[in-house]
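Here is a friendly briefing to read alongside the model.

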Amino acid sequence: MHFISEELEDYIEKHSQAEPHLLAQLNKETYQKVLLPRMLSGHFQGRVLSMLSKLIRPTTILEIGTYTGYATLCLCEGMQKNGQLHTIDIKEELVDFQRKYFDQSGWGAQIVQHLGEGMAIIPTLDVTFDLVFIDADKENYLNYYELIVPKMNRGGIILSDNVLWSGKVLEPLQPNDPSTKILLEYNELLRNDPRVETVLLPIRDGLTVSRVL
């Protein structure tokens, strides 16, 4: 679902920072070789993630949902020189694809790949985070959030993707649509949770920025 016209989206992209060459290669190879390439963050959202990371200057980052690693590299752009990014995904077939681009980026040694379910892996991470990006398994968003908040440093930022869910958050809820139900509950939680302050941005499929108080 396009919330603004494709022509305006094209104008916005052209008047934002250019896509780095390595990410353009990653983007192209994802569309050539990987299923569901629309899951890729892409140029504009990637530049938003990069800018937010540069403003935050995180030392520790957690990403839930690596896919082919595009957003991972965008988040690394603002990471401190001694920083570390933990990224979690369930797709074993993408691990080598991700690692190829991670190692080309210069941040390879700082990116830790975790293969498996986020709900099992997050409790094992003995680290607190400055920046978290939630972008996988919508039906576990509430569960991820409750695991993550206690692991956030004060003033840390939680980014949540796809919170507008192609506009389904405004449509009558269908009984066979658990993802939309969870996202509606999740959006209400972020709006009302006294532990965070939140703004929902209409970027692509909706991106929530929540600051931990």
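Asp103 counts as partly exposed, because its relative accessibility is 48% (buried means under 20% relative accessible area, exposed over 50%, and partly exposed in between, with a 1.4 Å probe and protein chains only). This is a predicted model, in which local features need pLDDT of at least 70 and side-chain atom pairs count only at pLDDT 80 or more, while totals for chains, interfaces and linings use all residues. Residues are numbered from 1 along each chain as its sequence is written, and side-chain values use heavy atoms, with hydrogens and water left out.

**Salt bridges**

- Asp103 forms a salt bridge with Arg99, and their closest N and O atoms are 2.9 Å apart (a salt bridge is a side-chain nitrogen of Lys or Arg within 4 Å of a carboxyl oxygen of Asp or Glu).
- Both Arg99 and Asp103 sit in helix H5 (residues 95–105), four residues apart, which is about one turn of the helix (helices are DSSP runs of H or I with at least four residues, strands are runs of E with at least two, and both are numbered from the N terminus).
- Side chains of opposite charge can pair when their charged atoms come close.
- How many salt bridges does the structure hold? There are twelve.
- Glu77 forms a salt bridge with Lys54, with 3.5 Å between the closest N and O atoms.
- Glu77 lies in the loop between helix H4 (70–76) and strand S2 (84–89), and Lys54 lies in helix H3, so this pair ties together parts that are 23 residues apart in sequence.
- Lys54 counts as partly exposed because its relative accessibility is 41%.
- Asp193 and Arg195 also meet through their side chains in a salt bridge, at 2.8 Å from N to O.
- Is Asp193 buried or exposed? Asp193 counts as buried, because its relative accessibility is 7%.

**Patches on the surface**

- Glu6, Glu7, Glu9 and Glu13 form a negative surface patch (patches are made of residues with over 30% relative accessible area and no salt bridge, where like charges are joined within 9 Å and nonpolar side chains, namely Val, Leu, Ile, Met, Phe, Trp and Tyr, within 5 Å).
- For charges, Lys and Arg count as positive and Asp and Glu as negative, while His and the chain ends are not counted; the place of a charge is taken as NZ of Lys, CZ of Arg, CG of Asp or CD of Glu.
- Glu6 is found in helix H1 (residues 6–14), and Glu6 is exposed because its relative accessible area is 54%.
- Phe3, Ile4, Leu8 and Tyr11 form a nonpolar surface patch, with about 360 Å² of accessible area together (accessible areas come from the Shrake-Rupley method with a 1.4 Å probe, and for residues only the protein chains shown count as cover).
- Ile4 sits in the segment before H1 and is partly exposed, at 35% relative accessibility.

- Val112 is in strand S3 (residues 111–115) and is partly exposed, with a relative accessible area of 24%.
- Leaving aside neighbours within four places in sequence, Val112 is in contact with Gln84, Leu85, His86 and Thr87 (contact means heavy atoms within 4.5 Å).
- The C-alpha atoms of Val112 and His86 are separated by 4.8 Å, although these residues are 26 residues apart along the chain.
- Gln84 lies in strand S2 and is partly exposed, at 33% relative accessibility.
- Not counting residues up to four places away in sequence, Gln84 touches Thr59, Thr60, Ile61, Met79, Gln110 and Val112.

- Most residues other than glycine have a negative phi.
- Trp165 is not a glycine, yet has a positive phi of about 50°.
- Trp165 is in the loop between strand S5 (152–161) and helix H8 (178–192).
- Ser166, also not a glycine, has a positive phi of about 55°, and Ser166 lies in the loop between S5 and H8.

**A buried serine in a loop**

- Ser41 lies in the loop between helix H2 (21–33) and helix H3 (42–56).
- Ser41 counts as buried because its relative accessibility is 5%.
- Beyond its neighbours within four places in sequence, Ser41 is in contact with Gly46, Leu49, Tyr70, Ala71 and Arg204.
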